[in-house]
Amino acid sequence: MAHPNEDLVREGFVAFGRGDMETLDGLFADDATWHAAGDNLLSGDFSGKQEVFSNFARVRELSDTFEQEVHDVLANDDHAVALVKVRATRNGKDLEDNQVIVFHLDDRKVTSAWLHSYDYRKSDEFWI
């Protein structure tokens, strides 16, 4: 039996993959923050659902194709950690990168998340 926060994070990845913003809206706290390391068009600190979801929308706008394969999710009462393989194409370039996303959760809502790419340089070059 999976931890409820594992289920929540997995549900979020499925919703993102479908472009289901209504479901994502229910999974994130109104004042959620998203922190993406790197130096590219998607990196930075985003505060509140509007900024976070605008950043999510940019992923789709900037890529020709984008998919996330969730390798595993580890969770407890306060955190979940997702191990993810990202594949994307953009302007004739290909990206395949492993990511770790650390989620802080409170009352079954994502309150903050930190995204880390395995290869920041490769990711930055792709999203620049």
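**A chat about a predicted model**

Modeller: Glutamate 6 is found in helix H1. This is a predicted model, and that residue is a place to start.

Biologist: Is glutamate 6 buried or exposed?

Modeller: Glutamate 6 counts as buried because its relative accessible area is 16%, and buried means under 20%.

Biologist: What is glutamate 6 in contact with, leaving aside neighbours within four places in sequence?

Modeller: With those neighbours set aside, glutamate 6 is in contact with Val73 and Ala75.

Biologist: And how far apart are glutamate 6 and glutamate 61?

Modeller: In space they are 28 Å apart, C-alpha to C-alpha, and in sequence 55 residues apart.

Biologist: Which residues are closest to the centre of the largest cavity?

Modeller: Trp34, Phe56, Gln68, Ile101 and Leu115 are the closest to its centre, out of 28 residues that line the largest cavity.

Biologist: Which element gives the most to the lining of the largest cavity?

Modeller: H1 does, with five residues. At least two residues each come from a list of elements that includes helix H2 (21-27), strand E1 (28-36), helix H3 (48-62) and helix H4 (120-127). Strands E3 (65-75), E5 (93-106) and E6 (109-117) are also among them.

Biologist: How do the lining residues divide into nonpolar, polar and charged?

Modeller: The lining of the largest cavity has 20 nonpolar residues, eight polar and no charged.

Biologist: On to the strands. How do E3 and E4 pair?

Modeller: E3 and E4 are antiparallel, with 10 bridges. A hairpin of three residues joins E3 to E4. As one of the pairs, valine 70 has valine 84 in E4 as its bridge partner.

Biologist: How many bridges join E4 to E5?

Modeller: E4 and E5 are joined by 12 bridges and run antiparallel. Histidine 79 has histidine 104 in E5 opposite.

Biologist: Which side chains of E4 point to the buried face?

Modeller: Ala80, Ala82, Val84, Val86, Ala88 and Arg90 point to one face and are buried.

Biologist: Why does asparagine 91 count as exposed?

Modeller: Asparagine 91 counts as exposed because its relative accessible area is 61%, and exposed means over 50%.

Biologist: And what is the phi of arginine 108?

Modeller: Arginine 108 has a positive phi near 65 degrees and is a residue other than glycine. Arginine 108 lies in the loop between E5 and E6. With a relative accessibility of 42%, arginine 108 is partly exposed.

Biologist: Last topic, the core. Which residues touch the most other members of the largest nonpolar core?

Modeller: Val9, Phe28, Trp34, Phe56, Phe103 and Trp127 do, in a core of 34 residues.

Biologist: What is tryptophan 127 in contact with, beyond four places in sequence?

Modeller: Leaving aside neighbours within four places, the contacts of tryptophan 127 include Leu41, Leu42, Val59, Leu62, Phe66 and Leu95.

Technical notes. Residues numbered from 1 in each chain as written. Predicted model: local features only at pLDDT ≥ 70, side-chain atom pairs only at ≥ 80, totals over all residues. Heavy atoms only, no water. 1 Å grid on protein atoms, 1.4 Å probe; cavity = no way out; pocket = protein on both sides within 12 Å on 5 of 7 lines; lining within 4 Å. Helix = DSSP H or I, 4+ residues; strand = E, 2+ residues; numbered from the N terminus. Nonpolar A, V, L, I, M, F, W, Y, C, P; charged D, E, K, R; others polar. Buried < 20%, exposed > 50% of the residue type's maximum accessible area, 1.4 Å probe, protein only. Pairing = 2+ DSSP bridges. Core = buried A, V, L, I, M, F, W, Y, C linked by side-chain atoms within 4.5 Å. Contact = heavy atoms within 4.5 Å.
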